[in-house]
Every structure is written in C-alpha cells, then in structure tokens.
Amino acid sequence: MTQGFVPQDFFGRATNPIVIFVSNMMFLNLSLFVFNLLPFPPLDGSKILATFLPASAEPVLNMLEQFGFLILMFLIYIGVFSAIIYPFMLGLAYLLVAIY
C-alpha cells in the first residue's frame, strides 16, 4: 500500500465526483484561457496583437473595437470559436488519459 497522492488513482476513476468536478474545472479553465487569448479586439489577445502590428493597422483595430463585441457574439453564435477551442480540449483530454 502506497501513501500520499497517486495521480493514477485519482484520475483513474471517472465515477468519483471530485474527479468529475476537477476535470470539468480544468476544461473550463482551458476554454477561457484559449478564448481570452484570441486576437479579437474585445479580448486580451488583441492587446498582444496590437503590440506587434504596425501603426498603419491602428485604424482597423479602432474600428473593430467599436463593433467587436457584436461581431464576437455573432461568431460565437455560429460556432466558429468551438472549432478553435476543440483541439485544445482534445489535448487536455489526452493528457488526462495519459496520466492513467
């Protein structure tokens, strides 16, 4: 009998409510991380992108900041972002299964 925390024992049981809660929180955290870093003006990724773009692109970014929220809601509604986030979710699921 081993003492201490063994990851295989923790993540190996999918019926454990704590495992389900922790894995769901990991997926939620990863989704929000990837979503927030998208280079779209209402999100933080646009601030990162703006530092690398030339000054000539500033008017375009200013225009997108005005209407970016509406465009963002439309793209979420039609499902564009799920195609971006899905590969990251598969990678996390692969890592969680690889632990076992």
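The exposed residues Pro17, Ile18, Phe21, Asn29 and Phe33 are carried on the face of α2 turned away from its buried side; exposed denotes over 50% relative accessible area, buried under 20%, and partly exposed the range in between, with a 1.4 Å probe and protein chains only. The structure is a predicted model, in which local features need pLDDT of at least 70 and side-chain atom pairs count only at pLDDT 80 or more, whereas totals for chains, interfaces and linings use all residues. Residues are numbered from 1 along each chain as its sequence is written, and side-chain values use heavy atoms, with hydrogens and water left out.

Val19, Ser23, Ser31 and Val34 are the buried residues reported for α2. They cover an arc of only 100 degrees around the axis, which places them on the same side of α2; the arc is taken from the directions from the helix axis to the C-beta atoms. With 20 residues at 1.5 Å each, α2 should span 28 Å, and the 28 Å between its end C-alpha atoms agrees with this. The expected span is 1.5 Å times one less than the number of residues.

Overall, the protein comprises five helices and zero strands, in the order α-α-α-α-α along the sequence. Helices (H or I, at least four residues) and strands (E, at least two) are DSSP runs numbered from the N terminus. Of the 100 residues, 19% count as buried.

The count of aromatic pairs comes to one. The ring centres of Phe35 and Phe81 lie 5.5 Å apart with the planes at 85 degrees, so this pair is edge-to-face. Phe35 belongs to helix α2 (residues 17-36) and Phe81 to helix α5 (residues 80-99), so the contact ties together parts 46 residues apart in sequence. Under the criterion applied, rings of Phe, Tyr and Trp (its six-membered ring) pair if their centres lie within 6.5 Å; planes under 30 degrees apart count as stacked, over 60 as edge-to-face and the rest as tilted. Phe81 is buried, at 8% relative accessibility.

Ala93 also lies in helix α5 and is partly exposed at 27% relative accessibility. The C-alpha atoms of Ala93 and Phe27 are separated by 8.5 Å, although the two residues are 66 apart along the chain. Leu37, partly exposed with a relative accessible area of 40%, and Leu49 are twelve residues apart in sequence, with a C-alpha to C-alpha distance of 9.6 Å.

A nonpolar surface patch is formed by Met63, Phe67, Phe69, Leu70, Ile71, Met73 and Ile76, which together have about 660 Å² of accessible area. Areas come from the Shrake-Rupley method with a 1.4 Å probe, only the protein chains shown counting as cover for residues. Patch residues have over 30% relative accessible area and no salt bridge, like charges being joined within 9 Å and nonpolar side chains (Val, Leu, Ile, Met, Phe, Trp, Tyr) within 5 Å; a salt bridge is a side-chain nitrogen of Lys or Arg within 4 Å of a carboxyl oxygen of Asp or Glu. Ile76 is located in helix α4 (residues 58-78) and is partly exposed, at 38%.
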